[in-house]
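Let's take a walk through a structure together. Keep the 3D view open and find each spot as we get to it.

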Amino acid sequence: MTVPQTTFGSPEALMRDADLAQLHETWSRPRGLWGWLVTTNHKDIAERYIVTAFIFFILAGILAVIMRIQLAVPENHFVGPDLYNQIFTVHGTTMMFLFAVPIMEAFALYLVPLMVGTRNVAFPRLNAFGYFTYLAGGLQLWGALLANTGPDTGWFAYVPLSGPAFAPGKRVDVWADMVTTTEISALVGAVEIIVTVFKQRAVGMSLNRIPVYVWAMVVTSFMIIFAMPAVMTASGFLPMDRMPHVNTHFFNPAEGGDALLYQHVFWFFGHPEVYIIFIPATGFVSTIITTFSRRPIFGYIPIILSLIATGFIGFGLWVHHMFATPVPNLGQSFFTAASMMIAIPAGVQIFCWIATLWGGKPVLKMPLVWVLGFIALFVLGGLTGIMLASIPIDLQVHDTYFVVAHFHYVLIGGAVFPLFGAVYYWFPKMTGRMMSEKLGLWHFWLFFIGFNMTFFPMHLLGLHGMTRRIYTYLPETGWGMLNHIASSGALFMGLGVLVFLYNALVSMRRGEVAGENPWGAATLEWTTTSPPPKYNYALLPTVRGRYPLWENFAQTPLVSGLSTDKREVLSTSILDAQPEHRYEIGTDSILPLLMGIVTGIFFVVLVFTPWIVPICAGGWFVVMAIWFWIGTGQPQEKHKAHEYHEPRSPGEPGLSLGSDANPSPQT
Amino acid sequence: MTTPAAETSRTIIDISKLPSSSMDTRSPIWWGNALLLCIETSMFMIVTVSYFYFRRNFAQWPPPKIDQLPVLYHPVPKLVLATIDLALLLGSVIPMVIADRACLKMDEAKVRFGAGLALLIGIAVITIRFFEFNSLIFRWNDNVYGSITWTLLGLHLMHMMILCSEDGLMFVWIMVKGLDDKHARDIRVTAVYWYWVVAIWVLLYVVVFLSPRFL
Amino acid sequence: MKRLALVILVIAPIVISESCKREERAYRIQPPDAEVADAVPVTSFQVGPSTQAATMPSNPYENNAYALTEGQRLFNAMNCVGCHFHGGGGIGPPLMDSTWIYGGEPAQIFDTIIRGRPNGMPSFRNHLQDSQAWMIVAYVRSLSGNANPNAAPGRDDNMNGPIPPASIKKQPATQSSQPPSTVMPS
Amino acid sequence: MKTLRGQLSALLLLMLAGCAGNHQSALDPHGAQAYTIHHLFQLFFWVTLVIYVLVLLAVLYVIVRRRREEPAALVAEIPTAQSEKRSTVTVGALVVLTIVILFVLLVFDFSAGRTIAALRENSDVQIKITGHQWWWEATYEDPVAHQEMTTANEFHIPVGSVVRFDLESHDVIHSFWVPELHGKKDLIPGHPTSVWLKADKPGTYEGQCAEFCGAQHAHMRFLVIAEPRDKYNAWLDHARQPAPEPVFENEKHGKQVFMGSTCVMCHAIAGTSAGAGLGPDLTHVAGRLSLAAGTIPNNPGHLAGWIIDPQRIKPGVIMPQHNIPPKDLRDLLAYLETLK
């Protein structure tokens, strides 16, 4: 590859060697396994998240292949109904709760601090805790599946089928508790992202200069914050109904409970969930298209507004999952209108992307190839989505393979394709080496062709009456051949993923050395080394526009003055990103792991008995008390409030750095 | 690679003189706390909406209690303890405001007084709450009315306990080690949480204890 | 570290096999030995040496959630509730207490169901498959907390009644001290 | 290559005509509502297809054009306001066009919804459907109590008349769906509801439970058989009759086997002492086309297999395995075959 290296100057050169060494020392984690357990560096945590989420992706993919084998021919006996129901439930649950949402947050936890030019997320220990709870939830689900306790009532677990009367054993309890666990971690991640973006942006990165991807993650995080409590309510009510010694009646019609409420609450989360997965993907797409069109994105403001609009409207269309239920017609019409309306912001974004490509000179590297695949597939999925918004059409295709095809086009086409693009795009930043373009093309075409072979026929199957979640079908239905095609496609997809794994593993060791900015991209993360140092930036960058690296970055000021002997970050104002104060964040600690273990144990034992609640409450209190006590255990400064926020020497350079400020050089 | 000469031309903004902590909305922890409260607020909203959703399944709310003699035809929850709770919680805002304000001036004595008094009131509220469940007349496993009201009160009790643990830890810290910048900020953040918990109780008082009398 | 791994290696298969048994849904089934259960004594009053220990087969369904729930469904479907209500008793004796007129061992209950008993308990011979009867036995035992509480059913979707089997405290079976024929259900 | 081409052409054929021999396709409507929905679907299909092709062409053009020019150096060009103006106008126009198209589709959608809802007129045929795990119970409602008739899994309706189906569930959520007649409606415990169907052509329409309902969700099928009014009336009159008394010795013995075994605990046969309602009503079981909720054809061989080992055919079904001596089984089958 002959990408010219654009060097923006090494900030390290501006620091004294002793300071740099101390900075390195301060931000390094302890050696060995202990260091691995206690680290709170956002890149360490995010890398773990990414690897774990991809492992779950592969595991759930294996389940998908098993399902496709089972459905390849009518009346197949490869797996029985009991196992099949566990498999499709665990497939859906894993993909939604253990892959899609976590991996989107994982990328954000890696990239957002880099993109906004700070050294770590706002609450690093909380971040580590989030990972450990997520891992606990994943282990709980998959451990249960191995122990024949895999949930078997669908990833939506509708009552009464999942209620105490019709779902014997502990399978559904495992599902509910696992959902709660992973939602905790999703919420933690969302809080991290929002606060990091609000309070820790590079000096000068006012709201209208935030990269589109970071905006997308802010919108996503807010959606998580308002959507996830709904599913936690559902996954709280459900085990309370089922749990011995509790036996509540939330979903028992004989005592005034309501099965329909469950659907409302679940989909109030479930529909925004789709956008929680999709919006980060649009962030990837915008970033990649900008870089490879070699021009600023067309319509920055409309795209941001579209993201925000999607975030709002996303909460207004949950009932379109329930058109077949006895919900009043008038209400349904409202949700039809809302469901169609959400096509507008999606359309705006697609038009802006095409306009950007149109007005630029696209360089067809792997990330852009994946984005083009995304446009081809996502638009199709979006258009079938418009069909599903129509009540009459939905009544026909609801709960058929048409819907299966639709949401795989939206979620794989709309989220996994950009995700693969993002992996090819940021892999050099994360590992310092490029991925192979040649293998990348193999990966792309295998996956693209396999995907369409698998999921396109499902549209037809659905229209021909094949309902979802059936473990087999009769030969007389005539669905055999299309299913056969779909199943063969799954093998191509699997091959594609294997090529990807091979590519990633080999490139990590032997790929071409990337340098700081192999793609000539415009955002801040490309100014630091690949992979970035533990502290991300020796001197914090500042920003004067949306595309700092395309706007004479070498002339922008740098920020110095953060302590090198403790982990400090710079806190800036919300709107204009003016420096406000320095802020010491948590150091490496074993406490997040302990807290994660207590939480994990809590949710495993909660499957069996409610008496764990008081016991673990005690456990949490103890860990929290220690956390509180030693976490801030350093002797602290004492100031009165009026001593803050007043410039100590008026006119001090930097503190008044506005958009057009031109502070005088110090050195 | 660029030459050191080119490097020296870059402007350096020195922020080493900026304060190392902040006491208000400028502080990241304030925002973290606010977002957690957003999460919990949506949780309470959804449970409250469920309460009214269940209400539609009943001709009369709360449903008559028929498994006893004499039958209770309109078993609205008793007000006494809940109202005492309300008064105590509203009253607890005063010491919390005192502590909150005192943090700005680093007035350690006042902070001790405020946080300590609030803690005592909080513990009193928690104690009362355990008796208060009985004023609901139904048990959680009697019917959905019992389930949802116990859940609402239980969720609030959980927050009361977390709140008191938090305030208690702060209080002990100040007693042992004195007040410093970070803990003054933490107390201010705790105060926000405290006001929120009180506000939620006002909501629950209206929903659980007053609304059955009017709806 | 090694010791920890060893402990996990030992414990994991046990936990997994236990929960496998609990969660298994064997749709095509081999019931426990019904032949043996045909010759079960109903009391410990017996002339000659005791043969009880040898003739009491255990009922694996007591550890199986699916079988217990099926038992519950059959208990309702076969109209057992008509006399015993939901375990509280009425026309027939209560099943939630510790007193057993004709013995509280699985095989004895099986015998009671299949043969019927005086004073109104009908015989279900030929009207229930053996496997179904054993499922009912497991459920009946769970009503007094004698089945695995992690497998026993929770509340059903009916009006709130007696405590569901999963929540009930274990009532160890005691033999009624009176001869069976003299005990009349209250 | 040949097979590929064959598959492709078959794919196109399937798309146009529906699966051969399949009577469960939404693309082959035979009911008033299904027609309306199908027309609406076609409108949506063509509109979205045109949009899709245009978007793809635009993207392809962008990429192909790139090949003609030299790839740019890795220096970004900041476009001027002038060069952005055309894009702004184009994108703005496209957004307005999107809104217009969506609005038009919305209008058509609402009008189709009204057409469908208009069918809720009073109808003289009312059938109460109760969903069970994993079969369908149907009660033909009648003001005269003894005229009420219960059957299972196969519902006859008169052609050309509106039929009201009152839906409720006995256990978990099911969904009632006959694709060639109408969309689906969920049966939610505690929320009884109704759906109106009108078949315009005699025929057998296949239906299936569309909401996941447990182990045998896949085998919870049913048939709606639309017949001319006179044929329907004849069927209904026959269906209201109690089961005929067995004539031959083996049939009589078969009846004894039925009444003396597990069968009687769950199934009902009108005119006999069997009256349980846990399983499908067997009064006229021999007259049905299929067994086990549309899973196997109704013939003595399959029936025997079903009685002995239903768990092999529908694992998890509530009917238990039976160990019946061969002679008893033969007689039982003979008796069941008399229940026309």
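What follows is a short tour of this predicted model, from chain contacts down to single residues.

## Who touches whom

Let's start with the chains.

Now try chains B and D. They do not touch, and their nearest C-alpha atoms are 10 Å apart.

## A helix pair across two chains

Helix H10 (residues 329-341) of chain A packs with helix H3 (residues 81-117) of chain D at an angle of about 155°, and their axes are 10 Å apart. An angle over 145 degrees counts as roughly antiparallel, so that is what H10(A) is to H3(D). The crossing in which H10(A) passes H3(D) is right-handed.

Which residues make this contact? From H10(A) come Asn329(A), Ser333(A), Thr336(A), Ala337(A) and Met340(A). From H3(D) come Leu102(D), Leu105(D), Leu106(D), Asp109(D), Phe110(D) and Ala117(D). Sorted by class, the contact of H10(A) with H3(D) has seven nonpolar, three polar and one charged residues. As you look at the numbering, keep a general point in mind: an α-helix has 3.6 residues a turn, so residues three or four places apart point the same way.

## A helix pair inside chain A

Stay with chain A for another pair. Helix H11 (residues 343-359) and helix H12 (residues 366-389) of chain A pack at an angle of about 160°, with axes 11 Å apart. That angle makes H11(A) roughly antiparallel to H12(A). Here, H11(A) passes H12(A) in a left-handed crossing. H11(A) brings Ala343(A), Ala346(A) and Ile350(A) to the contact, while H12(A) brings Ile375(A), Val379(A), Gly382(A) and Ile386(A). That gives the contact of H11(A) with H12(A) six nonpolar, one polar and no charged residues.

Is H12(A) mostly covered or mostly uncovered? H12(A) is mostly covered, with 23 of its 24 residues buried. From its first C-alpha to its last, H12(A) reaches 34 Å, close to the 34 Å expected at 1.5 Å a residue.

## A look at chain C

Time to switch to chain C. How many helices and strands does chain C have? There are seven helices and two strands. Starting at the N terminus, the elements of chain C run α-α-α-α-α-β-α-α-β.

Chain C has 186 residues, and 40% of them count as buried. Take the contacts in chain C between residues at least 6 apart in sequence: 70% of these join residues at least 24 apart.

Let's finish with the backbone. In general, most residues other than glycine have a negative phi, and most peptide bonds are trans. Now for some exceptions. A cis peptide bond joins Val159(A) and Pro160(A), with omega about -5°. Pro160(A) lies in the loop between helix H5 (124-146) and helix H6 (171-199) of chain A. Chain B has a cis bond from Trp61(B) to Pro62(B), with omega near -5°. You'll find Pro62(B) in the loop between helix H2 (28-55) and helix H3 (80-105) of chain B.

What about phi? Met106(B) is not a glycine, yet its phi is positive, near 55°. Met106(B) sits in the loop between H3 and helix H4 (108-132) of chain B. Ala293(D), also not a glycine, has a positive phi of about 55°. Ala293(D) is in the loop between strand S11 (290-291) and strand S12 (296-297) of chain D.

Are these two buried or partly exposed? Met106(B) counts as partly exposed because it has 19 C-beta neighbours inside 10 Å, and a buried residue needs 20 or more. Ala293(D) has 24 such neighbours inside 10 Å, so Ala293(D) counts as buried.

Notes
Residues are numbered from 1 along each chain as its sequence is written. Chains are lettered from A and ligands numbered from 1 in the order in which they are written. This is a predicted model: local features need pLDDT of at least 70, side-chain atom pairs count only at pLDDT 80 or more; totals for chains, interfaces and linings use all residues. Axes are lines fitted to C-alpha atoms, for helices over the stretch in contact, and angles run from 0 to 180 degrees between N-to-C directions. Helices (H or I, at least four residues) and strands (E, at least two) are DSSP runs, numbered from the N terminus. Angles under 35 degrees count as roughly parallel, over 145 as roughly antiparallel, 65 to 115 as roughly perpendicular and the rest as oblique. A crossing is left-handed if the near helix is turned anticlockwise from the far one by less than a right angle, and right-handed if clockwise. Two residues are in contact if their C-beta atoms, placed from the backbone, lie within 7 Å. Ala, Val, Leu, Ile, Met, Phe, Trp, Tyr, Cys and Pro count as nonpolar, Asp, Glu, Lys and Arg as charged, and the others, Gly among them, as polar. A residue is buried if 20 or more other C-beta atoms lie within 10 Å of its own, exposed if 12 or fewer, and partly exposed in between; C-beta atoms are placed from the backbone. The expected span of a helix is 1.5 Å times one less than its number of residues.
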